Amino acid sequence: MGRRRAPELYRAPFPLYALQVDPSAGLLIAAGGGGAAKTGIKNGVHFLQLEQINGRLSASLLHSHDTETRATMNLALAGNILAAGQDAHCQLLRFQIHQQKSKNKAGKAGSKEQGPRQRKGAAPAEKSGAETHQEEIEFSVENLQAVQTDFSTDPLQKVVCFNHDSTLLATGGTDGYVRVWKVPTLEKVLEFRAHEGEIEDLALGPDGKLVTVGWDLKASVWQKDQLVTQLHWQENGPTFSNTPYRYQACRFGQVPDQPAGLRLFTVQIPHKRLRQPPPCYLTAWDGSTFLPLRTKSCGHEVISCLSVSESGTFLGLGTVTGSVAIYIAFSLQRLYYMKEAHGIVVTDVAFLPEKGRGPELLGSQETALFSVAVDSRCQLHLLPSRRSVPIWLLLLLCVGLIVVTILLLQRAFPAFL
């Protein structure tokens, strides 16, 4: 038997590097490209319509936005505004969807002219000459402001992130500087050196605190440009005197059932490749004190990307060797694992949000994770609902079992009971 494969949702005509999900419109946004090299590989941002068809989640190309010679390496989404990292620049894009009902003569149904996309399942005309109502979808993408965000000798924006109310945008790259910009004007409001070397990832909390991780093995918490604290994941976890680790990713997440609760999650990987690689680690942190709560090994495959579900319930991981995993955030227990789902480095993962059209698209599954890789494929990873028996029902069953046992004993040994 062959290896079990995750469903392939979409295959792009270029390598995929970044992924976002718009829950309000049910859009999956995948981006990438071949860069400026004259290889014939295009660059673009593809907008995919997510739909439930015959009980299965599917994706179809709704719109392709050409980014010319610039490959998109990272994305952030705020409403209908995308922040795209393209080489040393950040480009803001605004997309809009217009749905209109129009009247068409049924006699024109056989026309070869290609108009706007027609919604699947539209009713055909019953007789010639009858008027039908079709739903036209008009999709437009507008280039807004663009600004250079990295100034090293080999500049590259590596990460972009909106704040909680989408008024500010933080960027980080190979020069080690964090720069914060107003949205949508991209006026710079803050700039400071966060790391000696590349910034690998950053995360903005709802209270304005910023967490950055870099190639200098440090993870730092900032309030504007002032250092609040450094993270030390090994204080209550494993220690390896001969194996330096660096932080690969950081993400804030809600605490389920606690509206004001906040957790920070980080991934630690070996700084150098070894013949016998040591394990990588996941750490959960208190979002206010930034003290480590729990650290667990997440295997020997090097982690490449991290995502937290909207409710803070699940963590999604991708690896350099193409594997994808889903963990429960509270205990850091692995619930799902697909070995070498892509067979090459997973560049980004994103959960289907629990709001908007999310529940409708999710169906009976507990969560859905999307992954993209350099192999140009977008895959779907579903976690079936875990059926659990409520505690009150277990107690009721135990009481009933005890009662039945006593009655049977009374019948069998009436003289002794």
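Trainee: Which strands make up the open sheet of four strands, and in what order?

Mentor: The order is β19-β20-β21-β22, with antiparallel pairing. Strands here are DSSP runs (E, at least two residues), numbered from the N terminus. The model is predicted, so local features need pLDDT of at least 70 and side-chain atom pairs pLDDT 80 or more, while totals for chains, interfaces and linings use all residues. Residues are numbered from 1 along each chain as its sequence is written, and side-chain values use heavy atoms, without hydrogens and water.

Trainee: Why are β19 and β22 left without a neighbour on one side?

Mentor: β19 (245-255) and β22 (292-297) each have a single partner strand, so they stand at the edges.

Trainee: What makes β20 and β21 a pair?

Mentor: Two strands pair if DSSP finds at least two bridges between them. β20 (residues 258-270) and β21 (residues 281-286) have six bridges, in the antiparallel sense.

Trainee: How do you know that lysine 158 and glutamate 200 meet in a salt bridge?

Mentor: A salt bridge needs a side-chain nitrogen of Lys or Arg within 4 Å of a carboxyl oxygen of Asp or Glu. For lysine 158 and glutamate 200 the N to O value is 3.1 Å. Lysine 158 lies in β11 and glutamate 200 in β15, so the pair ties together parts 42 residues apart in sequence.

Trainee: Why is glutamate 200 called buried, and what is lysine 158 called?

Mentor: Buried means under 20% relative accessible area, exposed over 50%, and partly exposed in between (1.4 Å probe, protein chains only). Glutamate 200 has 16%, so glutamate 200 is buried; lysine 158, with 23%, is partly exposed.
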